[in-house]
Amino acid sequence: MNLKNCLEKRPVLSFWLLAIILAVLVIPYGFLVFTHFPNFGSDIDAVTEGKGYNTNILYSIPIALKVHGGIWYALILLLWPATASISALIISYILKKKQGLKELFSRFRFWSSKISLRKGVSIWLQAILLAVGINLVYSFLRNYVSDVETSNLLKIHPVYSGWEMIFLFITSLFFDGGGLMEEIGWRGFALPRLQKKWSPLKASIILGTIWSLWHIPVKLNFTPFLDFITFYFVFTLMCILYSIVITYFYNRLGGSILIGIAFHGLMNDSTDFKTIFNADTLEINNFTDTALLCVIFVAVVFFILLKEGEKLGKG
């Protein structure tokens, strides 16, 4: 059996394994960058007056270019998530050459031709408002579980100015580093193939799981092993829940990579809605932080499943 036959038999598995291999190959470069320019974070804070570096490409790359070694940091922070999409491009080309790439990028649209303008805009607004609402509720809950004083629970603590928030919000829909660099792989290549074999719900669960496992090289740190496993269990649950919600909007739009990019970008939240209510006294660990987001997504997914069942918007 030749390579092409193997890929045709297990395209999603092949895509996922190649994405992991590419991510692992990036690790040495990342290690060199992080060790050679150890003051990158503090330098960025100095340039931005404490606002730091965020995932919005249009906002952060010009800032990165102002500090020593910033260009190398910018490249690693784009290259790492791009391994998923690079893998999708490679596998698509091997399978069907130019036609494979054409099929992949045909999903780079706001909605399919079968969806009316009014319906398409309505679905997009629903997705955007949902993402913003999740982030705001999450910020409130972080205060609540941290025993912040009642008077500070909904007190706004914006990181950015009003104009900066507007710019970051609009551009993060399409220029978030994670969303833009990853989603050609996850929602462009993997999701439609998984939905051919499984129900949209099962496909989302599978996709969320492999999406989470692909993150291991990025999330791996030197915390105690049991703490890492506990955190990663919750992180995987979060990726599954994310995937179910994105699949729901993806299907309602007739297959759209752009909605995956936008929702992913809003949940990465370079606008900092996730911290907009957070008091200065707030203290919270990674496990609780991620678990809170999962609780919110469980409620959202429950509502979607109650409304749509396992079809998740697929006609």
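This is a predicted model: local features need pLDDT of at least 70, side-chain atom pairs count only at pLDDT 80 or more; totals for chains, interfaces and linings use all residues.
**Entry 1: H2 and H8**

I started with a helix pair. I noted first that two packed helices are described by the angle between their axes and the distance between the axes. For helix H2 (residues 11-36) and helix H8 (residues 177-197), I found that the axes come within 9 Å and cross at roughly 155 degrees. Angles over 145 degrees count as roughly antiparallel, and H2 and H8 are therefore roughly antiparallel to each other. The crossing of H2 past H8 is left-handed.

I then listed the residues that meet. H2 contributes Pro11, Val12, Phe15 and Trp16, and H8 contributes Gly185, Trp186, Phe189, Ala190, Arg193 and Leu194. I sorted the residues of this contact between H2 and H8 into eight nonpolar, one polar and one charged.

**Entry 2: H6 and H12**

I looked up a second pair, helix H6 (residues 117-145) and helix H12 (residues 257-268). Their axes come within 9 Å and cross at roughly 20 degrees. That makes H6 roughly parallel to H12, since angles under 35 degrees count that way. I recorded the crossing of H6 past H12 as right-handed.

On the H6 side of the contact I noted Trp124, Ala127, Ile128, Leu130, Ala131, Ile134 and Asn135. These meet Leu258, Ile259, Ala262, Phe263, Leu266 and Met267 in H12. The residues of the contact of H6 with H12 came out as twelve nonpolar, one polar and no charged.

**Entry 3: arginine 142**

I stayed with H6, which also holds arginine 142. Is arginine 142 buried or exposed? I found a relative accessibility of 11% for arginine 142. Buried means under 20%, so arginine 142 counts as buried. I left aside its neighbours within four places in sequence and listed the contacts of arginine 142: Lys274, Thr275, Asn278, Leu282, Ile284, Asp289 and Leu292.

**Entry 4: H13**

Two of those contacts of arginine 142, Asp289 and Leu292, sent me to helix H13 (residues 286-308). I counted 23 residues in H13 and found 32 Å from its first C-alpha to its last, close to the 33 Å expected at 1.5 Å a residue. Asp289 and Leu292 are buried in H13. I also found Thr290, Leu293, Cys294, Ile296, Phe297, Val300, Val301 and Ile304 of H13 to be buried. Just after H13 I came to glycine 309, with a positive phi of about 75 degrees.

**Entry 5: the loop between H12 and H13**

I checked phi in this loop too. Most residues other than glycine have a negative phi. Aspartate 269, found in the loop between H12 and H13, has a positive phi of about 60 degrees although it is not a glycine. I noted aspartate 269 as buried, with a relative accessible area of 6%. Aspartate 272 lies in the loop between H12 and H13, and its phi is near 70 degrees, again a positive value in a residue other than glycine.

**Entry 6: tyrosine 160**

Aspartate 272 is one of the contacts of tyrosine 160, so I turned to tyrosine 160, which is buried at a relative accessible area of 5%. I placed tyrosine 160 in the loop between H6 and helix H7 (162-175). Leaving aside neighbours within four places in sequence, I found tyrosine 160 in contact with Lys51, Asn54, Tyr59, Met165, Leu168, Ser270, Thr271 and Asp272. How far apart are tyrosine 160 and lysine 51 in sequence and in space? I noted 109 residues in sequence and 7.4 Å in space, C-alpha to C-alpha.

Technical notes
Residues are numbered from 1 along each chain as its sequence is written. Side-chain values use heavy atoms; hydrogens and water are left out. Axes are lines fitted to C-alpha atoms, for helices over the stretch in contact, and angles run from 0 to 180 degrees between N-to-C directions. Helices (H or I, at least four residues) and strands (E, at least two) are DSSP runs, numbered from the N terminus. Angles under 35 degrees count as roughly parallel, over 145 as roughly antiparallel, 65 to 115 as roughly perpendicular and the rest as oblique. A crossing is left-handed if the near helix is turned anticlockwise from the far one by less than a right angle, and right-handed if clockwise. Contact means heavy atoms within 4.5 Å. Ala, Val, Leu, Ile, Met, Phe, Trp, Tyr, Cys and Pro count as nonpolar, Asp, Glu, Lys and Arg as charged, and the others, Gly among them, as polar. The expected span of a helix is 1.5 Å times one less than its number of residues. Buried means under 20% relative accessible area, exposed over 50%, partly exposed in between (1.4 Å probe, protein chains only).
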